[in-house]
Amino acid sequence: MLARLRDPSDRLLAALLLAPAFALLALIVVYPIGKLIFNSFFDLRLQGGGNAPFVGLENYALVLQDKDFWNATWNTVLITLVTVPGALIMGLGLALLANLPFKRRWPVRLALLLPWALPLAFAGLIFAWFFHTEYGFVNDLLSGLQPEPTMWLLRPNWAIAAICLTIIWKSSSFMALILLAGLQMIPNSLYEAAEVDGASQWQQFREITLPMLMPSIVVALIFRTITALQTFDIPYTMTRGGPGNATETLAMLIHKNSIEYGDIGYSSTLAVFMFLLSMAITAIYLKRIASQA
Amino acid sequence: QQTTLRVFSGGQNQRPDLMRQLFDKYQAANPGVKIEIETGGATSELQRQYLSTVLNAKDSAIDVFMIDVVNPAQYFSSGWVEPLNAYVGEPASVMAPYLPVYASANVVDGKIAALPAFADSMFMYYRKDLLAKHGIAEPKTWDELAAASKKIMAAEGNPALQGLSIQGAPIEGAVCTFLLPYWSQGKEFNDAAGKMTLDKVAAAKGLQGWLGLVDQGVMKKNIAEVKTGDTVNEFKAGQVVFAINWGFAWDRFQGDKDSTVQGKVGVMPLPAVAGGKSATCIGGWQWAVSAFSKSKAEAAKLVRYMSSPDSAKFLAVQGSLMPVYPQTYTDADVVKAVPWFKDAAAVVVAGKSRPKSERYGEVSDVIRTTTSAVLARTKTPAEGVDEIENRLRRVMR
Amino acid sequence: MANVELRGIRKRYGNVEVVHGIDLEVRHGEFVVFVGPSGCGKSTLLRMVAGLEGISDGELRIDGQRVNELPPRSRDIAMVFQDYALYPHKTLFENMAFGLRLRKTPEDEIQRRVMDAARLLKIEHMLERRPAALSGGQRQRVAIGRAIVRQPKVFLFDEPLSNLDAQLRHEMRSEIKRLHQRLGATIIYVTHDQVEAMTMADRIAVLSAGELMQYDTPDAIYNRPAALFVAGFTGAPPMNLVDCTLAGGAALLGPLRVPLPQELAARAPTAPLKLGVRPENLRFARQDGDADLPAEVVLLEPLGAETLVTLKAGNAELIARGPADFRERPGTTVTLHLQPQHLHLFHAESGSAV
Amino acid sequence: MANVELRGIRKRYGNVEVVHGIDLEVRHGEFVVFVGPSGCGKSTLLRMVAGLEGISDGELRIDGQRVNELPPRSRDIAMVFQDYALYPHKTLFENMAFGLRLRKTPEDEIQRRVMDAARLLKIEHMLERRPAALSGGQRQRVAIGRAIVRQPKVFLFDEPLSNLDAQLRHEMRSEIKRLHQRLGATIIYVTHDQVEAMTMADRIAVLSAGELMQYDTPDAIYNRPAALFVAGFTGAPPMNLVDCTLAGGAALLGPLRVPLPQELAARAPTAPLKLGVRPENLRFARQDGDADLPAEVVLLEPLGAETLVTLKAGNAELIARGPADFRERPGTTVTLHLQPQHLHLFHAESGSAV
Amino acid sequence: MTSPVYASPWSGPRLRWIAAAIVVLNGFFPALWILLTSLKTEAELVTRPITWIPRNPTLDNYVAAFTDQPLLKFLANSAAVAAISTVVTLIVSALAAYAIARLNLRHRQWILTAIVASSMFPLITLLVPIFETMRGLGLLNTYLALVLPYTVLSLPVCTLVLVSFFQSIPRDIENAAMIDGCTRLGALWRVVVPLAAPGVFTAGILSFVNAWDEFLLALSLNSNPSMRTLPVGITLYQTEFVFPWPVISAALVVAIVPIAILIAVFQERVVSGLTQGGLKG
Ligand SMILES: Nc1ncnc2c1ncn2[C@@H]1O[C@H](COP(=O)(O)OP(=O)(O)OP(=O)(O)O)[C@@H](O)[C@H]1O
Ligand SMILES: Nc1ncnc2c1ncn2[C@@H]1O[C@H](COP(=O)(O)OP(=O)(O)OP(=O)(O)O)[C@@H](O)[C@H]1O
Ligand SMILES: [Mg+2]
Ligand SMILES: [Mg+2]
């Protein structure tokens with residue numbers, strides 16, 4: 001028996017290797033997710049002491065009619081569409097810069113990482129402060145260029161822009177981290193071969209770096225997309241979804257419905273929608289990853 | 001037999017240090033009880049988040065907790081707080097000694113949902129020195145306040161000086177920002193049963209009033225960005241003539257090392273609209289017993305003690321926390337320790353409670369978000385009021 | 001087509017110098033082969049020519065122009081890497097087409113050239129595969145293909161045929177020669193294979209531990225090695241080298257006496273010497289004018305086409321090429337015949353040829 | 001020491017079968033060499049023996065025990081990979097010591113064995129380097145060292161000497177033979193080098209496109225090839241193969257007539273045939289009993305020790321090994337001499353020997 | 001490893017320094033801002049024009065940060081939770097990633113999808129059930145209460161990162177290890193993991209920082225003051241209405257420094273390009 005465990009067949013080995021991961025998933029997320037989905041079929045409000053009538057798909061119908069839901073979905077998608085490519089480009093740029101042959105690399109790499117190490121909520125607060133009409137350094141820098149300080153966080157478009165910028169700043173770090181590691185795995189000899197083949201720096205980037213980096217890019221994109229769809233802390237701390245609900249995201253809507261309104265059934269339903277959205281968007285990436293594997 | 005009671009007492013604002021002292025006294029008097037304090041997140045938001053997780057999971061780890069004055073109805077209807085009638089008696093008698101606003105805020109459906117811990121209220125702080133210097137009396141109406149501000153600002157010539165600072169960011173304070181001018185026109189937001197009685201014209205007028213103050217330069221343009229702490233800091237820095245803020249601000253103005261306005265601060269009732277009457281928003285904290293507690297009787301006893309006149313006096317003397325009993329304001333020891341309470345008393349007594357609703361979270365969210373949006377000028381006051389009405393009609397039936 | 005000049009080229013890795021000042025010119029359209037023991041710096045030299053390694057010292061000129069600082073892509077070279085360096089994410093076709101695509105070669109031209117090379121290399125049926133699904137020899141062929149589809153000024157080949165079987169190697173050899181003739185390209189070629197070096201090279205550069213030992217035609221390298229090292233390195237098996245002294249126009253190997261040609265004996269000093277004779281010049285059948293050397297058969301290694309015979313003559317161990325049907329058993333004594341004109345003499349100390 | 005049996009071994013990658021049922025036994029202590037064209041499945045076969053590739057079909061036995069399912073580690077084998085597969089993160093020393101460490105060999109024993117191997121391989125001065133700082137040949141030597149420090153039952157070598165120079169290769173060859181004799185280990189060895197195959201093998205397995213063509217001693221493979229393919233694959237250059245028909249005890253090559261030995265002619269059918277003669281058996285000097293063949297010199301390739309001469313006889317192109325001093329210019333006509341007993345006949349269609 | 005020295009636009013020292021400056025400025029600016037703020041007084045924050053360099057630098061905020069709250073205790077808790085969960089995450093995800101990358105599993109897509117999908121629900125909606133689970137296990141107010149969910153939190157991203165890195169390790173090197181006598185897991189541990197060092201390091205940093213920064217779970221699962229982690233602890237400096245930036249900045253600096261040190265130390269040890277030089281082609 002022991003020998004069998006030491007040299008298991010591929011299938012047994014796979015089962016053994018995957019067991020801890022799935023056990024943890026089962027323990028920590030399966031029950032919660034099951035409960036979440038279960039709750040979405042009930043009109044479950046904290047007020048009212050928990051006797052929740054079964055309402056079938058009514059919550060789902062309500063969500064689809066909810067202006068706030070569509071507004072939040074739109075904001076979320078917008079933020080995702082802006083920040084995911086934004087973070088990718090910026091992260092890639094940073095990773096490439098950090099991968100240059102410096103003698104001491106750690107200051108550069110540390111710089112790469114710091115934004116990510118700054119706790120999310122505090123990053124939002126700090127940037128909210130940067131964009132503050134009076135005390136922010138952004139307006140301070142621009143003071144000569146604009147007659148009147150811009151109220152960045154009080155104008156819907158500027159607010160979204162500021163939020164996106166903050167998210168990009170914060171998450172490009174995560175991107176860069178993964179991409180930098182990917183860069184380090186590309187054998188130098190490929191660049192040599194490409195050099196000899198006559199590829200310019202840009203062509204080497206396109207023909208060697210990008211394709212060889214693709215697995216890492218896809219991984220980074222998957223998670224960046226998922227977290228972008230769950231964007232919460234930064235708009236929450238920067239604008240509270242304001243002005244009005246111009247910057248309210250799905251996650252904020254869910255938070256509001258569960259914590260502020262105590263409407264568990266409805267917020268569960270929203271979460272299911274968010275899950276579906278995430279799934280739909282990441283399905284494309286996942287397919288790619290699976291085909292690579 | 002030893003009972004351990006775990007008390008959740010929010011953050012610094014709930015003064016766990018003082019509460020501890022009271023608990024120690026209580027423990028000394030009741031050797032069978034041991035009290036542990038748990039401090040949660042520092043803001044009411046974080047506390048709400050924590051409490052809703054724990055209570056939603058029907059966890060018995062907490063026996064007693066503090067809730068905001070707006071919350072008893074909500075927590076009661078969620079089944080999270082234990083009705084105290086069985087332990088302390090019927091509301092009519094138990095609640096009578098308290099300030100009326102607190103008495104009513106804590107009784108839901110004839111049940112005592114919680115007992116008041118200490119009071120709070122929105123005050124109008126002002127710069128006594130500046131008013132005196134320019135020979136201006138305390139303004140009684142908003143128009144007078146605007147005029148006074150403009151006069152002082154012009155005379156001082158300090159570009160950083162603001163006439164009035166209020167909270168325009170979408171935080172709980174903005175609910176008061178909405179209600180204050182509305183109330184001061186003599187209107188009510190809701191009736192006794194909690195049904196909404198919004199006078200849209202008055203509400204829009206109230207909001208328009210704020211925007212008017214912005215246009216006149218009395219308030220700053222980015223008022224929709226201002227949070228409670230900003231008002232405090234700017235006032236402390238001597239950049240504000242009039243400031244609306246909670247009671248805690250007094251200590252900050254007078255006590256903080258870096259305050260430039262020590263001894264120059266006055267408190268007055270809020271101005272009214274011409275022909276209306278002054279009104280303010282009350283706040284404050286209540287003691288509640290968890291519905292999932294395993295030692296409810298002991299917990300109720302503790303709560304009763306914490307809400308007693310003696311405790312109120314202790315908190316007022318030691319921590320300048322405002323008493324929930326009217327007579328405590330005039331107690332000699334209290335007046336000696338906290339002289340400004342004599343000015344405060346009038347304001348608190350006239351204070352009004354924010355709408356009492358079991359769905360207060362939603363009510364507050366709608367009001368503060370819309371108010372802030374109007375102040376940021378992404379909506380007109382009329383649109384904002386319409387939205388508030390539309391959204392809350394269903395909620396406040 | 002271009003000429004390549006190396007002037008005092010040195011290479012240091014950290015403190016270690018691995019190439020110690022090489023001077024060498026490859027003429028327009030010349031086919032030069034680098035040979036030398038493993039680790040002597042052949043690849044390093046090639047990589048410096050390609051621009052992939054910095055030149056620590058000295059000057060590299062292509063067509064008279066100093067290119068030390070020119071990046072590889074501007075040098076118009078093609079290279080077959082010793083470790084292949086195929087693009088793992090590209091199909092074989094794209095591996096080979098890459099260089100052409102970069103030069104914006106028309107698509108049909110690319111198709112044609114790649115297909116031609118593929119056919120030549122016998123990999124036309126696997127053009128859609130990725131390198132990971134290839135055998136070692138197949139990868140090597142792709143690496144060659146990648147170089148030959150382009151028509152650069154200079155080709156650099158680093159042991160391009162080492163993983164191919166004799167048959168294919170033979171064919172590839174001819175193909176590379178044909179390529180050389182057709183394009184008139186300048187070629188620098190590293191190999192360990194004597195046959196390749198001898199048949200393909202216009203000139204052979206023999207390197208040892210980062211130094212150039214001799215740079216000459218194959219014939220000269222083989223028949224007139226300028227140094228002991230060259231003599232001992234070329235030929236498979238290499239030249240037999242035996243300590244000897246000179247006496248009366250003959251070489252003395254202990255008790256044995258080997259008469260030398262007149263003028264060689266005349267040139268030789270009396271210092272300790274090494275006598276060199278190639279295995280194929282130690283013959284078992286006597287011809288006119290041969291000197292005789294009795295020796296004992298020690299070991300037979302039949303190679304099919306011939307037999308390598310290890311013998312002991314005096315104290316010296318010698319290897320001779322015998323015919324395939326050589327049948328003397330180890331232990332028997334035979335007489336070796338050697339032609340004086342095939343004898344070589346070297347200074348034992350300096351290693352230079354007499 | 002162990003014997004290895006392959007029984008109907010097949011290998012499929014997806015739908016493509018690359019090894020088509022090989023039956024072959026390697027005896028205790030035997031030295032077997034696999035040869036065959038690039039891509040014929042030699043490495044695949046070796047990897048299956050090692051347990052690194054699944055066996056799609058058939059049975060593999062080591063010492064009589066079925067090991068299809070046994071992990072590599074339990075088979076007690078050592079392997080030199082064609083692509084080296086060194087551990088890039090370990091020093092050379094640790095690369096070689098790794099297998100011993102895993103077996104909890106005492107430290108001084110490890111030291112000793114690794115140092116021995118390193119000295120043998122002439123890499124003892126770079127044991128602290130990482131593979132990236134080595135030349136191709138040096139890496140290959142490390143790969144060999146890693147295999148030989150262990151003393152397993154079976155050694156698998158995949159072209160272990162392809163990147164070494166002739167000198168070193170010669171030494172390594174002797175060393176591996178000595179190792180074989182000393183340890184009595186069973187060895188399976190893949191090579192493209194004819195000399196290696198001929199000198200080292202007890203038996204040679206000739207593979208073609210995933211099939212076993214002949215499995216016999218070097219002598220038999222060389223002198224009695226059982227199939228056209230084997231004849232055409234062995235020897236460098238390989239056997240000349242020419243279409244012919246049979247008439248009156250002689251082979252007819254178009255207008256030319258080559259008399260055959262009696263008993264060969266007797267065995268031969270009248271169907272189309274191929275006549276085979278090795279280059280070294282096409283001679284320019286006449287001996288008794290030789291048949292004559294007039295031919296035109298086409299190309300000379302001087303190799304130093306000898307000259308490869310390509311000739312045209314009738315329609316057939318032939319390669320002969322001439323002496324180093326062969327001087328006939330291309331275009332001249334010479335007479336080739338061939339000995340009847342060195343002629344081979346094959347069925348043109350089936351490829352089998354007559 | 002040799003790096004090519006041919007002239008590339010980025011290899012010029014000046015441009016390289018500009019590049020470094022961009023990266024460093026981008027990364028350090030907010031952190032630097034915090035650092036500067038931590039040396040200012042609260043009043044200085046609301047003066048206009050804003051000041052960049054503190055007028056009267058003071059360390060009072062650091063004193064306050066350490067005395068107002070048990071900051072060291074928070075630090076220790078965070079370090080313990082983050083370290084343990086990083087180790088657990090790395091082990092669990094390396095095993096899973098190896099199975100996905102190297103074993104020929106038929107339902108690889110579904111396994112991957114399942115792992116990734118687990119991160120698609122907003123944490124806030126899962127909070128109460130997770131709380132119930134932890135209470136059920138009796139783990140509330142222990143390190144494990146956070147370690148388990150943090151592991152799950154980082155598991156998807158770490159697994160995927162490792163999958164893509166394991167795939168880029170040449171199989172032959174792993175094969176060589178198996179021939180040398182390693183079991184599959186032995187080869188994973190001794191050869192694949194070290195060669196995938198950049199990926200493993202990245203995964204480690206990802207999970208460490210995830211755990212170091214997490215707030216919501218820490219707030220709810222470990223409410224006992226002696227078990228509180230840094231992010232929750234830092235929020236305790238603020239009060240309902242006042243956000244004392246200088247003190248909070250000081251605490252943030254204290255929170256960031258260990259991570260920075262950790263990274264700097266590890267960074268120099270993770271030699272890049274380790275995969276190179278082992279293979280021929
Ligand atoms: N993963 C794979 N998928 C498909 N075909 C493969 C794969 N790996 C190898 N092959 C094919 O299998 C055949 C046998 O390969 P193998 O490596 O055994 O050849 P070999 O005899 O060792 O050749 P060489 O002498 O060139 O090394 C080759 O034609 C090769 O293209
Ligand atoms: N990065 C490096 N650091 C230190 N020494 C190195 C480095 N790269 C190569 N060397 C050494 O430089 C010498 C020359 O290496 P090179 O690759 O040019 O040899 P080579 O002649 O091509 O040998 P081979 O025939 O084995 O390929 C070798 O001794 C090698 O060990
Ligand atoms: Mg080399
Ligand atoms: Mg092979």
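**View 1. In the hairpin formed by β11(D) and β12(D), G248(D) takes a positive phi near 55 degrees.** Two residues lie between the strands of this hairpin. Strand β11 (residues 240–247) of chain D runs antiparallel to strand β12 (residues 250–253) of chain D, and three bridges join them; helices (H or I, at least four residues) and strands (E, at least two) are DSSP runs, numbered from the N terminus, and two strands are said to pair if DSSP finds at least two bridges between them. L246(D) has A251(D) in β12(D) as its bridge partner. The view comes from a predicted model, in which local features need pLDDT of at least 70 and side-chain atom pairs count only at pLDDT 80 or more, whereas totals for chains, interfaces and linings use all residues. Residues are numbered from 1 along each chain as its sequence is written, chains are lettered from A and ligands numbered from 1 in the order in which they are written, and side-chain values use heavy atoms, with hydrogens and water left out.

**View 2. A hairpin is also formed by β12(D) and β13(D), with two residues between the strands.** Strand β13 (residues 256–259) of chain D is antiparallel to β12(D) and is joined to it by four bridges. A251(D), which is the bridge partner of L246(D), has V258(D) as its bridge partner in β13(D). In the turn, G254(D) has a positive phi of about 55 degrees.

**View 3. Five strands of chain C form an open sheet with antiparallel pairing.** The strand order is β13-β12-β11-β14-β20, and the edge strands, each of which pairs on one side only, are β13 (256–259) and β20 (344–347) of chain C. On average, neighbouring strands of this sheet are turned by 40 degrees against each other, direction ignored; the axes are lines fitted to C-alpha atoms (for helices over the stretch in contact), and angles in general run from 0 to 180 degrees between N-to-C directions. Strand β14 (residues 273–277) of chain C pairs with β20(C) in the antiparallel sense over four bridges, and L275(C) stands opposite L345(C) in β20(C).

**View 4. Ligand 1 lies between chains C and D.** The ligand is surrounded by 19 residues, of which the closest are R129(C), S135(C), G137(C), S43(D) and T44(D); a residue counts as near a molecule or strand if one of its heavy atoms lies within 4 Å of it. Polar contacts are pairs of N or O atoms within 3.5 Å; within protein, one atom must be able to donate a hydrogen and the other to accept it, and residues adjacent in sequence count only if both atoms are side-chain atoms. An oxygen atom of ligand 1 is 3.2 Å from a polar backbone atom of C40(D), and an oxygen atom of the ligand is 2.8 Å from a polar backbone atom of K42(D). A side-chain N or O atom of E159(D) is 3.4 Å from an oxygen atom of ligand 1. The protein covers 87% of the 640 Å² of accessible area that ligand 1 has on its own, with areas taken from the Shrake-Rupley method with a 1.4 Å probe; for residues, only the protein chains shown count as cover. The elements that give two or more residues to this shell are α4 (136–148) of chain C and α1 (42–50) of chain D. The shell divides into five nonpolar, eleven polar and three charged residues, where Ala, Val, Leu, Ile, Met, Phe, Trp, Tyr, Cys and Pro count as nonpolar, Asp, Glu, Lys and Arg as charged, and the others, Gly among them, as polar.

**View 5. The site of ligand 2 is shared between chains, because residues from chains C, D and E surround the ligand.** The shell holds 19 residues, and the closest are S43(C), T44(C), R129(D), S135(D) and G137(D). A polar side-chain atom of Q138(D) lies 2.7 Å from an oxygen atom of ligand 2, while side-chain N or O atoms place H192(C) at 3.2 Å from an oxygen atom of the ligand, and a polar side-chain atom of E159(C) lies 3.3 Å from an oxygen atom of the ligand. The protein covers 90% of the 640 Å² of accessible area that ligand 2 has on its own. At least two residues of the shell come from each of α1 (42–50) of chain C and α4 (136–148) of chain D. By class, the shell comprises four nonpolar, twelve polar and three charged residues.
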